[in-house]
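Notebook open, two chains on the screen. I'll jot things down as I look them up.

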Amino acid sequence: MKREFRAHPIMIVNLIKPFLFVLVFPLLKGVIQYFTKGEITGVLTLELIAFAVITLFAALRCSSFRLICGESTVTIKIGIILRSKSVISISKLSSVQTVQNPADAVFRAVTYRINTEAGPKGSADFEFKLSLKDSREVSRRLFGDKNPTAVKFSVFKVAVMAATTSSAVTGMIIGVPIINKAGKLLGLALDKMLYDEINNVSEKVVTYFPPIVNTITLIFLLAYAVSFFYSLFKYINFKLYLEKDKLEVRSGFFVRSRTSFKKESVKDVIIDQTPLMRLFKRYAMKVSVGGYGNSKSESAVIVPSGRRGEIKRQFSIYFPFLEPDGKLLHAKRDNRTKNRFLYFPKLYFIILLVLSTVLSLIFKSFNRLILFLTVVICCVIFYYAYLCIFEFRFGKLKMGKNVYAQTVKGFNTCELYCPRENVGQIKLIRNIPDIPRKTCKVVVSVCSESADSIKVRHLNYEEVKKSIAECYGVEV
Amino acid sequence: MKENLLPKRTALLWQIRIGLAGLILIIALCAFSFLTRWLLLAAAALAVLLALFLFWYLPRYFKSYEICFPSGAIVINRGVFIKTTHIMPFSRLVYAQSYATPLARAMGLAALSLKAARSAIIVPELNAADVDYFIDFLSKEGKA
């Protein structure tokens, strides 16, 4: 039985936003009038008229919105001038996300996002506001109302995940615009005040290294703290609701978010470990869902933090159909191959030593700064070498009914599980040293909007070709 | 089974749409011709080009449109100078979207956009009833 839903009136605000630039035109008219006639008249009236017009259009557009839930399809109608009608089969939905920010909570509304694989990258296919009651009814109609099993993750686990996945760079990306906007809003030079304060504090700490090092360290620590708190508040109250063929993730403190998706919409599952997680022997499990989310990675966290055994157990429960099979492929475990894995770390280390020696001879007065930078980069190279050894010892690929790969991605170690039909592309790369040694680098890209890809190095070329032929029936 | 499903009104709609846009540009050029007489010349050249486009190119482009439905797919051939063929298997179809401007609505037409992962195929204005029938067909088949 079909049921029709209308948009919540708060959607008018969302529809007004893109047209607010219209309000600039009366101001421009005022400026031109001032320069030509030396007086300004009618700007306020024009502003009011312009605002009334865009509000009227937004209200009409909002009232024209209809969401019709049928037995197997969802129909979305919107528009007064340009009318559009979209029909989506429920089986083709990737995920459905409801987000409630504090303003929505006051009006008992939610932002409802419907995602498919076909939508524009980085944004939801359909986004609208529904009342809380209607949103629950829509979700019930789309995914049924079976009693789910709820898995709650403690604040400690979420905090561990926030601490281990946060980075200073993320903190800066989040923090800097907030400081700038807040400064402009309050009419204060907040950024300058903050910088002066950081300078004051860093000057009080006396170390062998110059004060700039303390300042940079303090900025990085502050940015890391911002990133940590952002991540913590984003994932706090993390709960996972399990059904036979559906998963629902609920999280958030100020902004509450619910993401539901069918297990069959999952493109791949990644178990990854950041450098800090490695220190605490913790892993996180994420899934990539086609067309999901407004982030680049389109991945949803399923288990924020857990030990290896715990994560593996949960993987077997949630995704038993993704258990790896097929022949195991890995690099040869001999010293020669180990040296090949360590080729780049060694090269970078030699370059660093030469460069820092030359720089310290040229710029003698900056010796302490050069030493500090050399130590930092050296640590990064050593960690990279450590990851290369990890890749040498544990890097592997299995191609059967499902594709499984374990390797290193950036500074994280990760494991990827995906059904073989979700693989979009397999690339075999052979460099000059690979040809005599009959090895190759295999890049597996998952077919999705912003595809996850994973690279396993120094595998036997003939074995890889044989595996591809067995798995896909394609002779390379 | 190649056929042009587009009603003749679609060609008229394209002509009106492009004609109006071109006319606005020509009027603007004429209005600013007090700045330099070259703008009048440009307006005249544009008018000739527009006439050529509306009465020679557009009818041929319209005729070149071939839409067919071999088993389980939609194939669209189009183009006068550059021929393009677009094939989309229904199995890859994620959803279908119809949209209509006020002018198209007045003429009883609606365009159709068929979306698949990373690509979309746009079927130009068809009879609104045909579009609804097509969407219903896809919905019943569970393809969109």
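Predicted model: local features only at pLDDT ≥ 70, side-chain atom pairs only at ≥ 80, totals over all residues.

**Entry 1: chain B, overall**

I began with contacts in chain B, and of those with a separation of 6 or more, 44% are between residues 24 or more positions apart. For my notes, a contact means that the C-beta atoms of two residues, placed from the backbone, lie within 7 Å.

Residues are numbered from 1 along each chain as its sequence is written, while chains are lettered from A and ligands numbered from 1 in the order in which they are written.

I checked confidence next. Chain B averages a pLDDT of 86, with 94% of the residues scoring at least 70; pLDDT is the predictor's confidence in each residue, from 0 to 100. For the complex, I noted an ipTM of 0.76 and a pTM of 0.69 from the predictor.

Then I looked at the make-up of chain B. I find four helices and six strands, and along the sequence they read α-α-β-β-β-β-α-β-β-α. These are DSSP runs numbered from the N terminus, with helices being H or I of at least four residues and strands E of at least two. Of the 144 residues in chain B, 20% are buried. Buried here stands for 20 or more other C-beta atoms within 10 Å of the residue's own, exposed for 12 or fewer, and partly exposed for what lies in between, with C-beta atoms placed from the backbone.

**Entry 2: where the chains meet**

How many residues of chain B are in contact with chain A? I get 18 residues of chain B against 18 residues of chain A. On the chain B side, β4 (93-100), β5 and α4 (128-141) each supply at least two residues, and β4(B) gives the most, with seven. By class, I list 10 nonpolar, five polar and three charged residues on that side. The classes: Ala, Val, Leu, Ile, Met, Phe, Trp, Tyr, Cys and Pro are nonpolar, Asp, Glu, Lys and Arg are charged, and the others, Gly among them, are polar.

I followed β4(B) across to chain A. Strand β4 (residues 83-89) of chain A pairs with β4(B) in the antiparallel sense over six bridges; two strands pair if DSSP finds at least two bridges between them. Within that pairing, Ser84(A) is opposite Tyr99(B).

**Entry 3: the sheet with strands from both chains**

Zooming out, I see an open sheet of seven strands, in the order β1(A)-β2(A)-β3(A)-β4(A)-β4(B)-β5(B)-β6(B), with antiparallel pairing. β1 (3-5) of chain A and β6 (119-127) of chain B are at the edges with a single partner strand each, so one side of each has no neighbour in the sheet. From one strand to the next, the twist averages 20°.

At the chain B end, β5 (residues 109-116) runs antiparallel to β6(B), joined by seven bridges. One of the bridge pairs is Ala116(B) with Ser119(B). At the other end, helix α5 (residues 132-143) of chain A packs on the sheet, touching β1 and β2 (66-69) of chain A, and its direction makes about 35° with that of β2(A). Axes are lines fitted to C-alpha atoms, for helices over the stretch in contact, and angles run from 0 to 180 degrees between N-to-C directions.

**Entry 4: inside chain A**

I count 16 helices and 21 strands in chain A, and 32% of its 476 residues are buried.

Is β13 (residues 283-289) of chain A mostly covered or mostly open? Covered: six of its seven residues are buried. I picked out Asp272(A) opposite Ala284(A), and Met285(A) opposite Val303(A).

Further along, β19-β20-β21 of chain A make an open, antiparallel sheet of three strands. β19(A) and β20 (residues 439-446) of chain A share six bridges, with Lys427(A) opposite Val443(A). Helix α16 (residues 461-472) of chain A lies across β19, β20 and β21 of chain A, at about 125° to β21(A).
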